[in-house]
Amino acid sequence: MKFTSRPAAAIMSLSLAAAVLAGCTEQAGGEDTAAGSSSCESKDVRLVGQVRNESNPYEASWLAGGDAFAQSVGLKQERLTYDGDSTKQQEQISQILAGNTKCLVMNVLPNGDADTPPIVKGADQAGAYLVTQWNKPADLKPADHKTWLSHITYNGIESGQQIGDALSEAIGGNGGIIALQGVLDTAAAKDRFAGLEASLKKNTGVKLLDQQTANFSRAEALTVTKTLLTKHGDNVKGIWAANDDMALGALEALQQAGKAGKVAVVGIDAVPDAVSAVQGGTMTATVSSDGTWQGGIGLAIGYCVATGKLKVEDIAADNRAFFAKQFLITKSNAAEFAAPKTNPSDFECANVFNRVAGPLT
Amino acid sequence: MTNEVVAAPRRSSRRGASFRDAGPPVALVVIFAVFAALSPQFRSVENVQNIVDAAAVLAVVTCGITFVLMMGSIDLSAAGVMGASALTVSLLVANNRNDNDFGLLGILVAVLLGCAFGCLSGLALVLLKVPSFMATLGVSAVGLGVATLMFAGVQPNITDAMLESWAVERFLGFSYLTWIAVACIVVGWLIQRYTRLGRYAFAIGGAEEVLTLSGVKVKPYKVAVFTLAGAFYGLGGVMVTSQLGAGLVQAGDGYDFSAITAAVVGGTLLTGGRGGILHSAVGVVLVMVLTNGLVQVGVSPYWQGGVEGLIVVAAVAAAVIPQRRRNQVVK
């Protein structure tokens, strides 16, 4: 008896604590909901930013950007993280939508393509303003919805090609390279590699010696690169990595093999370590999607519509789903990206679509 | 490839202890020979060094997990404990986030943190009666949480010369990390062979009831085994940090299952009471030879995962066929 009561008591006290906490958060709600007319007082707008986790620099900078925007309009961003767990993401969204949704603005990074439809459906029913980024099924379009304002993503083919070109330039347009691919069944990995293939078609002197997957992971990239270096030896003049984490792993491998500085390395994402590596000359190039901007812009678009400064009907069709501008970072401009910060003018209602690079087709 | 693998254990008799243990080493030799025949780069000295170096971290983690498996429990906490220890060590030695420069002391603290997490798993198991599967999964989540808190949005890069040199400097052709792993295997083997902790871990896995009936208090030993395992994971986290030059929350990603795979491939049973450190060491090398060899012979990355899985299943099957009669591994 003694033994069974202890865990029971523990569980009860835990759930009690959880209930109290939940009570606290729900107080934030307040007034009644009457969805429809879109003119909220600025102070009534509720800003929510949701990403996978705060344990990688990119998503941490995303949330920091959201905070910066919220602060600029005198509000506070609610930060949600779901640990890359689709179920958890949906639970968080339905919890948020169960509260007061009248002036709710959500800037969401869906875990995968399949996670977007239920989020869109929930937001639509609740009349909450939603901006999604990166992942959505091709046939689901914001233009068909009232409160799903925009979907922002980046052209992986373009970035894969940009760094491919930068790499072949760095090795003088001639020689062998190896490629580290991401998780093979993701769109990002496929597009970026397609970009490399396009670049190789253009730069005929460059030869792809080998391509392996390192699953976007720094540790795996280290092992795979070491193996490929023993396989191809001095023929490897450059390393193309589908993200910066793998590029940084490759840099470690080069150092351990005593080849630091002799092989050019490129990546994508512009994580802080990679930017400083580019600045220091150990890495050749990376591509930035500007995570702080992503974190702010979704909230800014929603805020502008919620406060009536921007009308949903007035948003051009091409701006409802678009590729945003991305930046190739080389040694010449790395210093600008070394300290990521938001530019308040990017988030002004007239400028929120300034970075549209092309419609998402 | 499969027919060579199953050839080895077929001649093992019901009793012969040496035959029973011969499966994994024979599988290792066969797989190595096949790759060596297929690829001249694979059999180069440089690549053998590369394989052994790459196996270092997995070997240390597997040392820890082996003790838990011998006891018949399971431990899924490696990923979280390694993450927490990686962040801890990277923030305590010279780094770009703060002015700490504790050197060896920082490494010691990280290993002790690993011990603490292991102890937590053990206590949850014996005091709260949480099955080890759940207890360690929970501890892993706690470890990742602690690591994320310490991470705080900025990656700590280490500048500590000693810790960085572990992955780069070489002694007799192998990196310092490899020698650390070898030391761990030796220490692990000594603990397993000559201390009460090691002997009881075996006995708990073999027949816990008998041990309890003969008056041995098993609970403290269970906690001690988990604590020991935690120390190995903590050291593993430190080693990953040395390799990557940075403290990553994801430092231990995948190591929990790779280590269990390596231990089982090497002949340590999930039911406990069989196997040991040396078996697991063979398993680790076997797994590393496999991942390296598939790249060296040029198997397409789209096929590798599947092919690797098939070979692992075949190797385990080869290792356990002699033990099937014992009615222990078929569940």
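Student: Let me start with a detail: where is A:Asp290 found?

Tutor: A:Asp290 is found in the loop of chain A between β10 (286–288) and α10 (291–306), where helices (H or I, at least four residues) and strands (E, at least two) are DSSP runs numbered from the N terminus. Before we go on, this is a predicted model, in which local features need pLDDT of at least 70 and side-chain atom pairs count only at pLDDT 80 or more, while totals for chains, interfaces and linings use all residues. Residues are numbered from 1 along each chain as its sequence is written, and chains are lettered from A and ligands numbered from 1 in the order in which they are written.

Student: What is phi of A:Asp290 near?

Tutor: Phi is near 65° there, a positive value in a residue other than glycine.

Student: And is A:Asp290 buried or exposed?

Tutor: A:Asp290 counts as buried because it has 24 C-beta neighbours inside 10 Å; the cut-offs are 20 or more other C-beta atoms within 10 Å of the residue's own for buried, 12 or fewer for exposed, and partly exposed in between, with C-beta atoms placed from the backbone.

Student: What about B:Leu172, where does that sit, and what is its phi near?

Tutor: B:Leu172 lies in the chain B loop between β1 (170–171) and β2 (174–175), and its phi, near 55°, is again a positive value in a residue other than glycine. B:Leu172 is exposed, since 6 other C-beta atoms are within 10 Å.

Student: Back to chain A: how many helices and strands are there?

Tutor: Chain A has 11 helices and 13 strands, and buried residues make up 50% of its 361 residues.

Student: What does β1(A) pair with?

Tutor: Strand β1(A) pairs in the parallel sense over 5 bridges with strand β3 (residues 104–108) of chain A, where A:Gly49 stands opposite A:Asn107. β1(A) also pairs with β2(A), again parallel and over 5 bridges, and there A:Gln50 stands opposite A:Leu80.

Student: Why is β1(A) described as largely enclosed?

Tutor: Because 6 of the 6 residues of this strand (residues 46–51) of chain A are buried, it is largely enclosed by the rest of the structure. A:Arg46, A:Val48 and A:Gln50 point one way and A:Leu47, A:Gly49 and A:Val51 the other, and all are buried.

Student: And the parallel sheet, what is its strand order?

Tutor: The parallel sheet of chain A is an open one of 4 strands, in the order β7-β6-β8-β9, with β7 and β9 (264–266) as edge strands that each pair on one side only. Strand β8 (residues 236–241) of chain A is joined to β9(A) by 3 bridges in the parallel sense, and A:Val266 is the bridge partner of A:Trp240.

Student: Changing topic, how many residues does each chain give to the contact?

Tutor: Chain A gives 28 residues and chain B gives 29, two residues being in contact if their C-beta atoms, placed from the backbone, lie within 7 Å. On the side of chain A that touches chain B, α7(A) gives the most, with 10 residues.

Student: Last one: what pLDDT does chain A average?

Tutor: The average is 88, and 89% of the residues score at least 70, pLDDT being the predictor's confidence in each residue, from 0 to 100. Over residues 23–36 of chain A, however, the pLDDT is below 50, and this stretch has 12 contacts in the model beyond near neighbours in sequence.

Notes. Pairing = 2+ DSSP bridges.
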